[in-house]
Amino acid sequence: MIVDRPIDAPVPSATIWHATSTDHVMAVLGTRDAGLTAAEAAGRLIRDGVNELPPPPVPSTLLLFLRQFNSPLIYLLVAAAAISLSLGHRTDAGFIGVVLLVNAAIGTFQESKAADSLAALGRMIGQTAMVRRGGMVSVIDARALVVGDVVELESGMAVPADIRLSSSSALRVDQSTFSGESVAVAKDQAVVLPIRTAPGERATMVLAGTMIEQGRGVGIVVATGANTALGAIDESLRATKPTPPPLVIRLDRLARQISIATIALIVPFALVLWVQGRPGDQILLLAVALAVSAIPEGLSIAVTVALAAGTRRMAARNVIVRSLPAVEGLGACTIIASDKTGTLTRNILSVERILLADGRTFVRADWADDGLAAMRRAAALCNEASVGPDGMPVGDSVDVALLGFARDGGEDLTVLHAVPRIAALPYEPERKFSTVAVAEGSGARVFAKGAPEVVRRMCHAIDPVALEAATAMAEDGYRVIAVAASGGVTTTDPDAPTGLVLLGWIGLIDPVRPEVPAAIARCAEAGIGVRMVTGDHPGTALTIARGLGLEVATDQVVTGTEMANLADQPGRLAGLVLGGRVFARIEPVQKLEIVRILAASGELVAVTGDGVNDAPALQAAHIGVAMGIAGTDVARGAADLVLADDNFASIVAGVEEGRVTYANVRRIVIILLATGIAEIGMFIGAVMLGLPMPLTAVQLLWLNLVTNGAQDVMLGFGRGEGDELRQPPRPPSAPILDRSAIALMIPPALLMTGLALYLVSGMHRDGRPLAEIQNAVLLMTVLFQNAYVLCMRSERRSILREPLLSNAWLLVGVGIAIALQVTAMLWPPLGRVLGTAPVSAAILWFCAAAVVATIVVTEVTKHGVAVWQRRYRR
C-alpha cells in the first residue's frame with residue numbers, strides 16, 4: 001500500500017481508531033490506483049504487507065568448496081598435477097592433489113557460516129501483536145500484520161511494524177538500536193513534524209525493532225516487513241559488499257605476484273630447454289618441478305594456524321573472532337570509528353554535575369557535601385523509581401540516576417522511601433515536570449523537578465548568573481533537570497505549585513567508561529586515530545569526546561544535517577567527513593557513508609557498534625567490532641570481531657594481538673618464500689651448469705608441505721616482542737613482502753642455492769647415483785629450514801638475544817621436522833616414495849657446516865636490515 005500523504009502529518013484519530021475495514025484503510029491512507037474495489041485493495045494489503053524480512057541467501061557447501069579453487073596459485077598447481085599425471089608420474093600428481101584438497105577443505109570450513117546478520121534482522125520483528133479487528137482486540141502472529149491494522153502498544157512490547165500513533169500516554173521508546181541515544185525517547189501523536197524528518201526523530205512514530213520502555217499507545221500500521229525503517233537497513237546491509245580484511249587483500253596480492261613470477265620463470269626456462277634439445281617430457285617434468293618450487297603450498301595451512309593461535313590469544317583478552325582473517329586486521333587499522341553509547345560510555349544516565357541556585361558547582365566527588373543535603377533529599381523524595389531487593393534502584397533511567405546520586409551522597413534510601421507521601425503528580429511528557437507532597441510536621445512540603453523552563457515559572461526570582469551557568473551546562477551536552485521545593489510547611493497545590501524556592505540544577509549524562517581514556521591514549525601512541533559516531537546531540541557528543549581525552553575543536557563536530565545538506569556534493573562531503581573527529585545526530589546510512597569516505601581516503605577503518613543502525617557500517621568496514629553484551633544479533637552478525645566485555649579498552653588489546661599475528665604471518669611468508677627461492681635457484685643453476693635435477697617433485701612437496709610445514713605453523717604461536725603498540729601502523733598500501741622482507745630472504749636463499757649446487761656438482765663429478773644426490777640435497781635443505789626458522793623467530797633481535805623458550809611450540813615443530821626426515825630416511829616404505837635413505841658421515845658434516853653458514857648469514861643480514869631501517873626512519 002502506498003501512502004499519499006507524509007506519514008508524520010496529523011491524522012484524525014477517530015478515523016484511525018475505526019479503520020478496521022478496507023474502505024476505511026483506503027480513506028485514511030489513500031492509493032495511487034484509482035478505481036480499486038474494496039476487495040482489490042484488501043488483496044493489495046495482504047500482498048504488499050507481509051510483515052517479514054526476506055531470508056538471507058545461504059551459499060551451499062559445494063559452492064563454498066568450489067570457491068576455494070578460484071586462485072591463480074591453485075590454477076598452476078592443477079596444471080602441474082595434470083601434467084604429472086599425463087607423464088605417468090602418479091605419485092607426484094597424487095601429492096599435489098592431496099595438497100589441493102586439504103587447502104580447499106580448510107577454506108570451506110572457514111567460510112561455512114550462515115548469513116546470521118541478515119537473519120537476526122528478521123528476528124527483530126515482534127513475534128506477536130495486539131490488534132483491533134472487527135471491533136475485537138486479539139493477539140496475532142506479527143507476520144500477519146498488514147498496513148491499516150490498528151495496534152495496541154504497552155510497556156515491555158517489541159514494536160512489530162512501523163506505526164503512526166493515534167493516541168499515547170507517557171509513551172517512551174528505547175530506540176537506541178536505531179539512533180544510538182542512551183535514553184528512551186518520548187512519543188506524542190499530536191506533534192507535527194517536517195516531511196523530511198529522519199525516522200529516528202519522528203515523535204509521532206514507533207518503529208519496528210524498537211522496544212516500548214514505558215507507557216501505552218495505539219496506532220495504525222503504515223509499513224511492514226521490507227517497507228519499514230528496519231527493512232531499509234536490511235536492504236542497505238544486503239547491498240553492502242563486505243570489505244575484505246587487510247590480510248586477505250595482501251595475501252591475494254601476493255598470490256597474484258607469485259603466479260606471475262612463476263609463469264615468467266617457467267616460459268623462458270622451457271624455451272631454453274627446448275633450444276638445448278631436451279626431450280618434451282623432460283621439459284614438462286622440469287617445468288612442474290619449478291612450479292612446485294615456486295608455489296608455497298603450505299602457506300594456507302600455516303597462515304590458518306597462525307590466525308587460529310591469534311584467535312585464542314584474543315579470546316583470552318575478551319575479543320571474540322568471527323572471521324579468521326580479521327585477527328590480523330585490527331592490528332592494521334589506522335582509524336577506529338567508534339559508536340558512543342555502550343562502547344565509549346556506560347549506556348546509563350548518571351548525575352555528573354550539580355549547580356546550586358547560589359552558583360556553587362559540585363562534581364561527583366562532592367556528593368556527600370553538606371551543601372547538597374537539600375538537593376539529595378529532594379532528588380530521592382520527588383522520585384518514581386523504587387529500590388529492588390538487592391538495594392539497587394529500579395525504574396525510569398532519570399529517577400534511577402537521581403536515587404543513585406542520593407545514595408552515593410550518604411542518604412538512606414529505605415528511610416526516605418518510608419516518608420509518607422500525601423500527594424504526587426507523576427511525570428508526563430506533556431507536563432514536563434513531576435511533584436510530590438510529603439508529610440512534614442503538622443503540614444506538608446512540596447518538591448518539584450522537571451524541565452528548567454517549566455520549573456522556573458514555579459519559583460521566586462532566580463539569580464541571573466546562576467541561570468546563565470545552567471544554560472551553559474545544557475550547551476555542554478548535559479541533560480539538565482531543575483529541582484525546587486516549598487520554603488517550609490506549605491499548602492501549595494502539588495498539581496500546580498507556585499512560590500517555590502529553586503534548589504538548583506542537576507546535570508545528567510551517559511558517563512565515560514573509566515578505562516576508555518587510557519585506551520584512547522594508547523591508540524594515539526600506536527598511531528591510530530579515533531572518531532566518535534553517535535546519534536546524540538552535538539553538545540553531548542562534544543562533552544563526552546573531551547572527557548575521553550580526544551582533542552576536538554568545535555568545528556570538528558560534524559552533524560547528520562550538515563552531511564545531508566552536502567549529499568549532492570561528494571567532494572565537499574568528503575572534506576567535511578575527513579576533517580571531522582566527532583559525528584553527532586548521525587543516521588545509519590550516514591554512518592555507512594562515513595566509513596566509505598574514510599576507506600576511500602586510504603585509511604584502514606575499524607568500526608565499533610552495537611545497534612541495528614551500526615550493521616551496514618560494520619559490514620562495510622575493513623574490520624567490524626560489535627559489542628557482545630549490549631550488542632544486537634544484527635550487529636554481532638555483521639561484525640568480524642565481538643567484544644565479550646563491551647569494553648573499548650579490549651580493542652586496544654586486540655590491536656596488539658593483531659600486530660603480533662601479522663608479524664607471525666609475515667615471518668611464515670618470508671621463510672616459505674626464501675625456501676622457494678632457494679629451490680628455484682637450484683633448478684635454474686642446475687640447468688645452466690648442465691647438472692641433474694637436484695630434487696624430485698615429490699621431494700619438493702615433502703619439503704614445502706611436510707617438513708617445512710611442521711615448523712612453520714608453529715611460528716603462529718609467537719607472542720610478540722612487547723613493543724607492538726609503540727610502533728606506527730603499517731601503511732595501508734604496504735605489501736607483506738616489503739624491502740626489508742626481501743632483504744631478509746635473499747642472502748640466506750642464495751647461500752642455500754650455492755651450497756646445494758656445490759653438493760650436486762661434487763657428487764655428480766664423483767659418479768654418484770642421481771637418487772643419492774637428491775637424497776643428500778633433501779636432507780641439507782631440511783636442515784637449512786630448521787636453522788633459518790630458528791633465526792627468524794625475530795626479525796630484529798639476534799638468535800643469541802631471543803629467549804630459547806620465547807616460542808616453545810616452534811622448538812617442538814623443529815623437532816618434528818627433523819624426526820619426519822629421519823623417519824623418511826630410515827623407514828623403507830616412506831623412503832621408496834620419497835627416494836630417501838641414510839647418508840654418509842661426510843654428507844652429515846657438510847650439512848652441519850651448511851647449518852652454521854645459514855645462521856651466520858641470516859644474523860648478519862638481520863643486523864644490516866636493522867641498521868638500514870634505523871637510518872631510513874630518521
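## Salt bridges in the model

A salt bridge is a side-chain nitrogen of Lys or Arg within 4 Å of a carboxyl oxygen of Asp or Glu. Buried means under 20% relative accessible area, exposed over 50%, and partly exposed in between (1.4 Å probe, protein chains only).

The model is predicted: local features need pLDDT of at least 70, side-chain atom pairs count only at pLDDT 80 or more, and totals for chains, interfaces and linings use all residues. Residues are numbered from 1 along each chain as its sequence is written, and side-chain values use heavy atoms, with hydrogens and water left out.

The whole structure holds 21 salt bridges. Arg313, Arg317, Glu656 and Glu657 belong to one network, joined by salt bridges that share partners.

## Links between parts of the chain

Helices (H or I, at least four residues) and strands (E, at least two) are DSSP runs, numbered from the N terminus. Asp476 and Arg353 form a salt bridge whose closest N and O atoms are 4.0 Å apart. Asp476 sits in the loop between helix 18 (464-475) and strand 17 (479-485), and Arg353 in strand 10 (residues 350-356), 123 residues apart. Asp476 is partly exposed at 35% relative accessibility, as is Arg353 at 25%.

In the salt bridge of Glu411 with Arg376, the closest N and O atoms are 3.0 Å apart. Because Glu411 lies in the loop between helix 15 (397-408) and helix 16 (413-417) and Arg376 in helix 14 (residues 373-381), the pair ties together parts 35 residues apart in sequence. Arg376 is buried, at 5% relative accessibility.
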